[in-house]
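Subject: Structure for you to look at

Hello,

Here is the structure I said I would pass on. Please open it and keep it beside this email as you read.

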Amino acid sequence: MDSTIQANYGTRTYDTPAKAREAKRTGTQASSFLDMAAQASSRRTGAPAAGMSGLMGAAGLPAGLMMDLSVRAAGQAGSVEAAEAVEAPSLETMLKAKYPNIHYHVFDASSGYWRTRNDYPHYLLYQDGDKAKETLENWQPNGANPFYGSIDGRFTAPKEIHALGNVPPGSKAVVIHPKVQERMEKDPAYAQEIYAKIDAWFAFDVARNEAVMPGSTWDMSQAVAIGEDGNICNACSSSPGRITYSKSGSDDEESWWDLRMARHAEFMKLAAEK
């Protein structure tokens with residue numbers, strides 16, 4: 001069977017009736033759909049009919065038929081508009097589809113205090129609303145860095161770390177730089193790229209924590225910050241009494257993302273060789 005798609009499929013005539021051939025020979029033109037509809041309606045009502053190109057025009061059609069045609073046209077236009085309104089899902093939509101309890105923020109969270117200060121209020125990341133943005137975007141330390149650890153077998157930590165114990169187990173949070181958010185709104189493919197990085201980080205973080213301490217991730221909460229360049233600039237995970245930080249791509253050490261991509265490239269090379 002010929003699989004070529006015919007451009008005029010559905011519009012060409014497969015069996016021309018004898019009357020149509022006769023009309024072609026005598027020079028008469030076939031009526032349009034609206035002409036035939038008007039003529040059929042006039043036969044029922046006894047009213048005179050004229051072609052759409054005649055003097056009566058659309059006024060020659062009965063009100064009921066005009067209403068039906070108008071509804072059909074409006075329905076077709078509505079379908080087109082509905083199709084055009086369908087857009088690619090946003091990053092927030094994609095993340096909430098997979099992580100229903102995730103908290104989504106838009107501000108600059110690239111501050112190095114995220115990893116160096118024990119009194120940085122990470123717990124605000126796991127709350128909806130503007131409190132996290134208002135507090136963390138320009139957060140500055142006050143005084144010496146509070147001690148976080150054990151003294152004579154007694155756990156000691158600032159109130160900000162204790163507050164993480166009130167975060168619901170398994171919570172997640174993301175902070176997106178405003179410029180990245182703006183670009184994603186214009187470029188759905190870029191939003192997919194950022195989603196892949198965040199999703200991969202959550203999985204990677206669970207795997208590495210389980211490797212260090214099996215069973216430690218069942219109540220773990222995770223937070224990730226995307227910097228202006230679209231890469232992960234800060235990340236942390238916490239559970240009651242414990243918090244771990246991850247280095248960003250701006251540190252001297254290679255970022256986890258670069259290492260992951262390098263490992264993936266190596267696997268693909270080995271697969272191609274085999």
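This is a predicted model: local features need pLDDT of at least 70, side-chain atom pairs count only at pLDDT 80 or more; totals for chains, interfaces and linings use all residues.

Residues are numbered from 1 along each chain as its sequence is written, and side-chain values use heavy atoms, with hydrogens and water left out.

Confidence: pLDDT is the predictor's confidence in each residue, from 0 to 100. The protein has a mean pLDDT of 74, with 57% of its residues at 70 or more. In residues 1–21 the pLDDT is below 50, and this stretch has three contacts (heavy atoms within 4.5 Å) beyond near neighbours in sequence. Residues 47–61 also have pLDDT below 50, but here the model has 21 such contacts.

Helices (DSSP runs of H or I, at least four residues, numbered from the N terminus): the axes of α8 (residues 178–186) and α9 (residues 188–212) come within 5 Å and cross at roughly 130 degrees. Axes are lines fitted to C-alpha atoms over the stretch in contact, and angles run from 0 to 180 degrees between N-to-C directions. V180, R183, M184 and K186 of α8 make the contact with P188, Y190, A191 and I194 of α9.

Cysteines: the count of disulfides (pairs of cysteine sulfur atoms within 2.5 Å) is zero.

Regards

Technical notes: Helices (H or I, at least four residues) and strands (E, at least two) are DSSP runs, numbered from the N terminus.
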